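Please walk through this structure with the ligands and a pair of helices in mind. Begin with the helices, then turn to the ligands.

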Amino acid sequence: MAQALRIALAGLGTVGTGVINLLAENGALIARRAGRPIEIVAVSARDRQKDRGVDLSPYAWVDDMTELAGRDDVDVVVELVGGADGPALALARRSLSAGKALVTANKAMIAHHGMELAGLAEGAGAPLRFEAAVAGGIPVIKGLAEGAAANRIEAVHGILNGTCNYILTEMEATGRDFAEVLKDAQDLGYAEADPAFDIEGVDAAHKLAILASIGFGTQLAFDAVEITGITRIRAADIAQAAALGYVIRLIGVADCANGSSGTQRLFQRVAPCLVPRGHALAAVTGPTNAVVAKGNFSGPLLFEGAGAGDGPTASAVVADLVDIARSNVAPPLSLPVASLEAAIPADSGERVNRAYIRFVVADRPGVLAEIAAAMRDAGVSIESLIQQGRPEEGGEVLVAMVTHEGPESAVSRALDLLQGSPSLAEEPLVMRLIG
Ligand code: NAP
Ligand code: HSE
């Protein structure tokens, strides 16, 4: 058998230990598939003394992870530390600049610095792979870049964050409290080191920006993603959605079309949405992710599977290593960096859809009339409206409405008209209906 592919692991947390366990259990099978064994030679993390439940004695321990990039006995550096900048980025830059292959699960780093890192990889002729960065164990990057390579991808949408999906579906199924379910997701290894990235929608936005670039052949544009997280969703919203026949899911949506000037218009949004109960995405529960990509010849392609956790994420990391061992290496963002098109962000106001709008209002006469007048003046047509029973006289009540289909700009105009109204106890929450 050919010489082993020698790897160094930076980061020995959920994913790093997952990779050690996977290679220990499936090593022989992987060696047959890859045509050569994959061997860990060196490891690095913050705390050498920590018990990680795996035997690290066969590997060299390195305190400063950036030194892994300079080791002659390492063919591939595997970065499983996290963080867009800091030591992870320093390691990535140093590895690629030295012509050493890099595999990473770090979507924050790729979303922010992917163009630069892809350029470094190209310049040095070094492979850069990040299958685990998007949708955990689902081979969606490979699916888009290779399986759907014959298509123009017109749109991508899906559930891209396991933590949020776990929280929303647990709250829906059990009525448990947001904070309690988030704690579970952290204990199960789904959440980011700082879970604000998950619940504020940023992690899903990192993944969406990567998918959009690979699918559409456009430059990575994370800063252009519109982001709304799930922190403002109340149990009452889940109940209202259920009464209307919907469930709530955090959905990433991206599409790309030629504008009148011939320039590509790129739309990217992550936001909680109402999904009809019979829709494929409504059946996606727990930490599962699902991505639908629409190819112009393939039609819609559905990718579904575990979006987070040690085993599924390790599976994606090692799949990248197998590709490198086989010398099956394509450009990191599926096209050479110089051929990625610069796209202009599309105007979301022109998008047409139905919206769920939830108000928390003062319980006094005239409030509903004020909201209805703002809708009328902005040209928003109301399909249904529910006011929850008053908890106590003079207190706050929840008013939820669903609009008929119309441009998003009209809903924004209506909410602008209500801005600052003493009738509103908090900023209205808007969620789009999909399907
Ligand atoms: P984690 O459990 O928090 O592990 C992070 C590891 O990095 C730890 O071993 C930690 O060392 C080490 N580390 C952190 N900061 C360091 C520093 N400044 N210097 C040296 N070592 C440092 O994280 P994880 O869940 O495995 O995630 C790792 C990466 O995979 C992240 O980019 C994450 O976004 C991505 N990812 C995670 C999942 C998932 O389901 N967890 C799925 C897909 C992608 P100590 O252990 O010594 O503290
Ligand atoms: N925190 C991420 C999630 C891990 O919950 O989806 C997988 O990328």
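At what angle do the axes of H5 and helix H6 cross? This is a predicted model, and the answer is computed from it. The axes cross at roughly 135°. They come within 9 Å. Helix H6 covers residues 178–187. Angles over 145 degrees would count as roughly antiparallel, and 65 to 115 as roughly perpendicular. H5 and H6 are therefore oblique to each other. Their crossing is right-handed.

**Ligand 2**

Helix H5 (162–174) and helix H8 (202–216) are the elements that give two or more residues to the shell around ligand 2. Residues that surround ligand 2 include Lys107, Asn161, Gly162, Thr163, Tyr190 and Ala191. Also among them are Glu192, Asp198, Asp203, Lys207, Gly307 and Ala308. By class, this shell has three nonpolar, four polar and five charged residues.

Polar contacts come next. A polar backbone atom of Gly162 is 2.7 Å from an oxygen atom of ligand 2. A nitrogen atom of ligand 2 is 2.7 Å from an N or O atom in the side chain of Glu192. Lys207 places a polar side-chain atom 2.8 Å from an oxygen atom of the ligand. How much of ligand 2 does the protein bury? Taken alone, ligand 2 exposes 260 Å², and the protein buries 94% of that.

**Ligand 1**

Around ligand 1 there are 24 residues. Which of them come nearest? They are Leu12, Asp47, Arg52, Glu192 and Gly309. The shell divides into ten nonpolar, eight polar and six charged residues.

| Side chain | Ligand 1 atom | Distance |
|---|---|---|
| Lys50 | oxygen | 2.9 Å |
| Arg52 | oxygen | 2.7 Å |
| Lys107 | oxygen | 3.3 Å |

Taken alone, ligand 1 exposes 910 Å². The protein buries 84% of that area.

Glu192 is one of the residues nearest to ligand 1, and its side chain has an N or O atom 2.7 Å from a nitrogen atom of ligand 2. Lys107 has a side-chain N or O atom 3.3 Å from an oxygen atom of ligand 1, and Lys107 is also one of the residues that surround ligand 2.

Note on methods:
Residues numbered from 1 in each chain as written. Chains lettered and ligands numbered in written order. Predicted model: local features only at pLDDT ≥ 70, side-chain atom pairs only at ≥ 80, totals over all residues. Heavy atoms only, no water. Near = heavy atom within 4 Å. Polar contact = N/O pair within 3.5 Å; in protein donor to acceptor, adjacent residues only side chain to side chain. Areas by Shrake-Rupley, 256 points an atom, 1.4 Å probe, with all protein chains shown as cover. Nonpolar A, V, L, I, M, F, W, Y, C, P; charged D, E, K, R; others polar. Helix = DSSP H or I, 4+ residues; strand = E, 2+ residues; numbered from the N terminus. Axes fitted to C-alpha atoms, helices over the stretch in contact; angles between N-to-C directions. Parallel < 35°, antiparallel > 145°, perpendicular 65-115°, else oblique. Left-handed = near helix turned anticlockwise from the far one by under 90°.
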